[in-house]
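Thanks for asking me to look at this one. My notes follow the picture below, point by point.

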2 protein chains.
Amino acid sequence: MPRKAASNESPSLSLAEQAYQELKRRILTLQLRPGLFVNERELMELLDLGRMPVHQAVHRLQAEGLIEVIPRKGLVIRPDSLQDMLTLLEARLAMEPNIAALAATRATKEQVTELKQLVTESKRIVNQSERMSFMKLDRAFHGLIAEAAGNQILADAQRPLHERSELIWHLRVMKEDGLVVNQREHTNILKAIIERDANATRKAMEEHLRSLHDRILAGSLER
Amino acid sequence: MPRKAASNESPSLSLAEQAYQELKRRILTLQLRPGLFVNERELMELLDLGRMPVHQAVHRLQAEGLIEVIPRKGLVIRPDSLQDMLTLLEARLAMEPNIAALAATRATKEQVTELKQLVTESKRIVNQSERMSFMKLDRAFHGLIAEAAGNQILADAQRPLHERSELIWHLRVMKEDGLVVNQREHTNILKAIIERDANATRKAMEEHLRSLHDRILAGSLER
């Protein structure tokens with residue numbers, strides 16, 4: 001009875017997905033702050049959703065390392081410290097330059113055009129007060145490069161790292177000229193992709209992520 | 001009431017984990033074959049587990065791409081074709097050489113000793129009839145290198161790729177001397193790690209995964 005099974009499952013899957021997306025968004029935007037203790041009932045009230053979708057969402061966020069289950073205490077939003085962010089950027093450094101190199105040879109014309117548009121758009125947004133708009137363009141830029149690499153497994157592996165990278169913007173650890181520097185580095189990556197130069201693209205992405213890593217470290221040491 | 005919440009959640013989480021592990025094992029060992037249509041009720045009977053843990057497990061396997069939900073038809077075990085395996089190895093090639101390079105500089109003495117033991121043990125298992133034992137050692141070898149890189153985000157990103165790689169062994173696409181070649185390539189990686197040579201380790205891992213990719217392609221073209 002596959003038909004019956006499907007009609008039973010779809011609504012519940014989508015509520016669970018809804019709970020997952022919303023909880024994740026609140027964690028990554030620091031509305032649910034690292035270190036906060038919560039229980040599932042509180043999350044149900046917060047989201048106005050039932051027990052099962054919330055439970056499933058918690059299970060998935062736990063698997064992703066964003067929520068921790070403390071035996072006999074409940075749930076805690078996992079602290080994303082400076083060290084975590086540097087670890088995250090090290091992980092992206094190990095993966096993303098090679099992914100970008102694949103994108104340089106495989107991106108479709110439409111994808112290259114879209115990358116150009118993202119970079120052009122972000123040229124107007126280099127003030128810290130607009131950093132949330134810049135963040136969205138940044139996420140789209142890196143995400144599109146991962147898609148353009150033409151390997152779904154790589155895109156899937158990269159997506160959660162990009163999502164968690166959003167914390168960098170919310171924590172404001174970057175220096176004032178950060179967006180200008182990012183903008184310049186994105187332009188270098190784009191240029192190498194337009195030239196279909198895999199090695200230059202790998203190098204440009206590596207420089208960008210290393211620079212981001214070092215700027216975050218410097219910015220937080222100064223605070 | 002965190003205490004109460006925790007005691008409610010733990011048993012159900014662990015049943016869901018049990019359902020997840022068992023379903024995944026059956027998919028990766030081809031007991032649940034690619035292309036097979038199933039519904040949740042059948043899986044409940046198969047595992048002798050309740051609706052909720054099975055539902056959660058399906059949700060998670062769907063997120064990992066091992067189960068597909070076909071609207072109005074039910075669930076289907078996702079076909080892992082030759083193309084999927086080559087995509088998987090391309091993904092590992094983009095990540096794992098850099099992870100191995102980190103491991104060369106960060107592996108503890110204990111981890112190096114353990115890697116040596118795994119390679120020594122696998123020297124005795126180079127016959128195709130023992131490939132399931134070799135598979136376990138292979139998985140442990142690559143998994144330990146990922147752990148030794150000292151970046152949990154990278155280890156977490158790599159683990160599902162190693163799990164899915166087990167299909168390679170079950171599908172028997174490799175030629176008869178495959179285990180001998182793997183054994184030799186693992187020895188090269190180990191040698192470079194022992195010498196703490198990050199570049200040589202990166203290169204040895206790259207050669208190993210590229211060779212695996214090419215041998216699978218050649219083996220399946222011959223069939």
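Predicted model: local features only at pLDDT ≥ 70, side-chain atom pairs only at ≥ 80, totals over all residues.

1. H170(B) counts as buried because its relative accessibility is 17%, where buried means under 20% relative accessible area, exposed over 50% and partly exposed in between, with a 1.4 Å probe and protein chains only. H170(B) lies in helix α7 (residues 152-171) of chain B; helices here are DSSP runs of H or I with at least four residues, strands are runs of E with at least two, and both are numbered from the N terminus. Leaving aside residues up to four places away in sequence, H170(B) touches L28(B), T29(B), L30(B), R131(B), M132(B) and M135(B), a contact being heavy atoms within 4.5 Å.

2. Residues are numbered from 1 along each chain as its sequence is written, chains are lettered from A and ligands numbered from 1 in the order in which they are written, and side-chain values use heavy atoms, with hydrogens and water left out.

3. Now for helix packing in chain B. Helix α5 (residues 109-123) and helix α8 (residues 178-194) of chain B pack at about 160 degrees with their axes 10 Å apart; axes are lines fitted to C-alpha atoms, for helices over the stretch in contact, and angles run from 0 to 180 degrees between N-to-C directions. α5(B) and α8(B) are therefore roughly antiparallel, the word for angles over 145 degrees, while under 35 is roughly parallel, 65 to 115 roughly perpendicular and the rest oblique. Their crossing is left-handed, that is, the near helix is turned anticlockwise from the far one by less than a right angle (clockwise would be right-handed). The α5(B) side of the contact includes V112(B), L115(B) and V119(B), and the α8(B) side includes H186(B), L190(B) and I194(B).

4. Please also look at helix α4 (residues 82-106) and helix α6 (residues 131-148) of chain B, whose axes come within 7 Å and cross at roughly 65 degrees. This crossing of α4(B) and α6(B) is left-handed. Among the α4(B) residues that meet α6(B) are I99(B), A100(B) and A103(B); H142(B), I145(B), A146(B) and A148(B) are their counterparts in α6(B).

5. Which way do strands β2 and β3 of chain B pair? Strand β2 (residues 67-70) and strand β3 (residues 74-77) of chain B are antiparallel, with 4 bridges; two strands pair if DSSP finds at least two bridges between them. I67(B) sits opposite I77(B) in β3(B). The hairpin of β2(B) and β3(B) has 3 residues between the strands, and R72(B) there takes a positive phi near 65 degrees.

6. On to chain A, which has 9 helices and 3 strands. The strands form an open antiparallel sheet in the order β1-β3-β2, with β1 (37-38) and β2 (67-70) of chain A as the edges, each pairing on one side only. Strand β1(A) is joined to β3 (residues 74-77) of chain A by 2 bridges, and F37(A) faces V76(A). Between β2(A) and β3(A) there are 4 bridges, and I70(A) stands opposite G74(A).

7. Finally, of the 223 residues of chain A, 54% count as buried.
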